[in-house]
Each structure stands twice: as C-alpha cells, then as structure tokens.
Amino acid sequence: MKIRIVIFALGLLAVVALAAGCAGGDAPATIPPPPTPLENQPPAEATVINQPTAVAPELETAVAGSSPTPVETPTLAPTATAKAETADPQSQPVAAGSLPPTSYDLLFIAEGALKRWQAASGQVLTLIPGGDEAASDEKRDAGLPIVGDVAGYSLSRDGRRAAVARLTASTPISDTTNAVTVTVQTYALSYLDLETGSQRELVPAVNIVGRLSFALSQDGRHLAFGGWSLGQPSGSLASGAQNGSLYMVETETGAAPQTISSCAPQCHDFVWHPDNNFFVYGDGGGLFLYNLSASQPELLAGDPAATRYYGPISWAKNGRWLLMWLGLGVEGADRAIFDVPTKQTMTIPNTFQYADPLYAELTWMQDDRLFLVRAESPEGPAIGETWRVNVDAGEVQRDESVVLSTEVAHPTAPVHWANGRFGYGLINRDGGAGTGLFRRVAFTEPAERLNAMPAALYAPETAWLPDGSGAAVAQQGRLYYAPADGVLYDMLPVVGPWAHDLTWLP
C-alpha cells in the first residue's frame, strides 16, 4: 500500500487544501481539542483528553479501490496462507438454502472465482468462474492464483461497477543477463456491471512479474494500472533492466489503453482521489500524482536515484491527507501521512511492520483523525489509540488511548463508524476467552462483545458491515460470518475454500 501525490497546478493545490470533512451518519463526527503529548508507556485503562466537540462533516468518504499486492512490497509481517484449515470449533457450518440473514451483499473471491452472496435471495452466485480445480491445490493453498483465476477486483464508489483482473497465462522466460528464469504473468482486465452481470473486456493482455496492481476511479470511468507490456509476453521482458509502464484506459468509450509514463521498476498501489480527477501511486523512486488533464505524472516525494518505498493506502475524508506506506528498502516499512499542500511526510509512531505478528493496524476516522490498534509487547496489553495530524508541528500526535485487553496480545480490524462508535477484533492462536469482535461507544465506555473470532496467530482479513451489525472474516482461506449478538458461521460449505478480498457492497 503506497501513496504518491502529484499537483498539476497551483489551483489544484488550493482546492485540495480547502477540502475538509466527510459525509456524516447517525450522529455527528467528533474531534477533541489539541492533545497533550503522552509519554511512550502503556496507557491507563482509559485515558481521555476532555470531551470532544462536534464538527460538521462535508465530503464523502474517500475509499481506495481494491488492488492486488505489488511485487515490490517491502518485507512486512508474515500473513496466514490461504489454505482452508479445519473449521474453528466455535463456529457453526451453514448449508445451501439456509444462509444466515444479512443486510448487505458480500463480494469476494473463493476457489479462484468472483462470487456474490446476495442478501435478498440468500444465495451465493458465481459471477466469473475460476481456473481448473484439478490443478489448484498447491498454489491456492499458498494464496496464489492459477491460470484462469480471478486475481483481484476494484470497485466504483457506488458498488455498481468493477474492474476485474483474471490471470490468463504464466510464462517462464529465460533471463540470460542474470542467468535466471523469470515467470511473466499475463492478466486480462474486464469491466463488470454488477447490476446486470454484463462483462466487457478492457485490456486483453498486460504482462508483469508478480501480481497486477490496478484501481478503478470512484466514478467508474477510468482504470489505472501498471505493467511491463501489453500483448503477449516475449523474451525481451526478461531483461534485468526491464522497467514497467503506467497505463490508463477509459471504461465507457471502448478506446484502447494509453501508455502514460514509465515506472522503475513497476507502478503500484494506485489510489484515486474522491474527485476522480487524479490518482497517486508509487514506484521504486517516489510518490507520484497523475492528473487526467496532464501529460505526465508529477513527483510529489522521493528521489528516483534513491531506493525508497512509497505505497499509497487511502485518503482522509478532507481529501488533503494521504495515508501511505513509507519504507527505506525491503526491510519493513512504517505508515505515514503525506500532506498535499505542504508536501510534508509525517511518520506515524508505533506503526513499523516487519517480521512480527504484533503489527499495528489503523484506519481513518470520520473527523480525519486515525484510529490505531496495536500490542505493546508480545505479552500485551492490546491498546487502542486515536491520533491527529498536526501540520504546523509537522507530526502525527496521539490524543486518546485505552487498554483494550490485558490478556489478549493482538488487536485487529479497527473501524470507526459514521455514528462515532469504534469497532475492533481481539485474536490469539488459541481463540476462546477474551477474543472476539468488539464495539465501543467511546474509549471511556465499556466494550461490548459482538461475536467470536476464529483462533489466529496473524490477523485475518476482516470486513465490517457498514452499519456495524457484524463482519465477514477470512481466516486461513475459510470464510466466516459473525453477526452481532449471533453465532459464528462457517461459510465454507456454501462458498468454497480460498476466500479473500471481502467487500460489502453499498
């Protein structure tokens, strides 16, 4: 996940700088007064700095489109493989025709196929099939697609359209320069109407080593992606000096893809701004912004001559601050904030991630603060914190903290809903007491346990329902559904194994 921001004109800088707020929900978003810096020590059970005051939200949430992990991602904490293990003993299996009720449709990938769990009909539909199951076990157990599989998708903001990447070929090519064999992956990109089910091919073949990075604009009109070349792979792709290209295609005109610029070595982590006029991305040299009215991308941060990892993640609701990965190479990375008008990069404390399961997770709040969960040490405690961006001081500052658990070491899946409530999960390798999905009205209020969480050493993929009524959880390739105040359902008998890329549709 990386973030590059490019400013095409001073006018754009002014617009972005003035953007603020976001669409509210059941209750107004809140923001407390400027914080008093806290010492680097475990917080008390509940530490709050005064009562918050209301602010008026204005803009809608900036949601980054789903995109597969790029090959240049720095080495971070290990993640569980996609292999579908034995069902968690806390769960109850479901059967076709008797799925639990839910208030939203779930889009996901399982068995290499793009699927949709329809809330109204209580059925799971296959929208785009996967590859040959007979050849699937070894790679899919390792979380890798096989030829014919859906490798990823990216949604428009309204959830009605999707760009879908499907792996169509995997070609070993000899690299005579480095005396190695390179496997070039070829993907096809298509445009899927989720209302009608119609599908149209946008890019027949784009080649790259590793997984394809791409993102659909929030209005669904443009698709940005990176790759080595278009068309069928050839021996020239195996050169050790091979660089990638930045491409873009209009989704509704039938026009051919455009080559915008080169990338060294590859473009990755595309994130569109909510106004749909520009997107940011990273490559080996820095953070870039491409405006649709420009001829070339603009370098926002970094130096093409120096190795630095910028990985955009998502925009704050004010449209000004970008959450991103920031790494010095391949040995881990921090999360950081990039401020567009001042071009400041501010590292977020306690967010460095490398080969350790106790990494921090964070998300934007409704008022442009950050909700962060982390473990103080391998033995705990699990901590929740809120952080604010202080541009004048050039840093991200902590203003609230609470101990989520003194017994469970790893908190996960932070969320902040429009009504101002907080949600998170607590996991450990044994499951059981103290673990589960939780909700808090505020840090000063007691937590409410909503449901169980499957046993896990590393954080599972968790997708909270937009209304907070539960969550979908993919753990070791097995899909679970955890409604609030309900049973933990094992969905594998109906949806199949190797579940990932979970998204509740609006």
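Reader: What's the handedness of the link between C263 and C267?
Author: The C263 and C267 link is right-handed, with 50 degrees about the S-S bond. Keep in mind that this is a predicted model.

Reader: OK, and what's the S to S distance for C263 and C267?
Author: The disulfide joining C263 to C267 has 1.5 Å from S to S.

Reader: Is C263 buried or exposed? And C267, buried or exposed?
Author: C263 has a relative accessible area of 1%, under the 20% cut-off, so C263 is buried. C267 comes out at 2% relative accessibility and counts as buried too.

Reader: Switching to cavities: how many of 30 Å³ or more does the structure hold?
Author: One. The volume of the largest cavity is about 120 Å³.

Reader: Which residues lie nearest the centre of that largest cavity?
Author: G143, L144, P145, D149 and H500, out of 13 lining residues. Sorted by class, the lining has seven nonpolar, three polar and three charged residues.

Reader: Now the sheet. What's the strand order?
Author: β8-β9-β10-β11-β14, five strands in an open sheet with antiparallel pairing. β8 (150-155) and β14 (229-230) are at the edges and each has a single partner strand, so one side of each lacks a neighbour in the sheet.

Reader: How many bridges join β9 to β10?
Author: There are 14 bridges between β9 (residues 161-175) and β10 (residues 180-193), and the two strands run antiparallel.

Reader: What's the bridge partner of D175 in β10?
Author: That's V180.

Terms used
Residues are numbered from 1 along each chain as its sequence is written. This is a predicted model: local features need pLDDT of at least 70, side-chain atom pairs count only at pLDDT 80 or more; totals for chains, interfaces and linings use all residues. Side-chain values use heavy atoms; hydrogens and water are left out. On a 1 Å grid over the protein atoms alone, a cavity is a set of points where a 1.4 Å probe fits but cannot get out, and a pocket is an open set with protein on both sides within 12 Å along at least five of seven lines; lining residues have an atom within 4 Å of a point. Grid points are joined across faces, edges and corners, and a volume is the space filled by probe spheres set on the points. Ala, Val, Leu, Ile, Met, Phe, Trp, Tyr, Cys and Pro count as nonpolar, Asp, Glu, Lys and Arg as charged, and the others, Gly among them, as polar. Two strands pair if DSSP finds at least two bridges between them. Helices (H or I, at least four residues) and strands (E, at least two) are DSSP runs, numbered from the N terminus. A disulfide is a pair of cysteine sulfur atoms within 2.5 Å. Buried means under 20% relative accessible area, exposed over 50%, partly exposed in between (1.4 Å probe, protein chains only).
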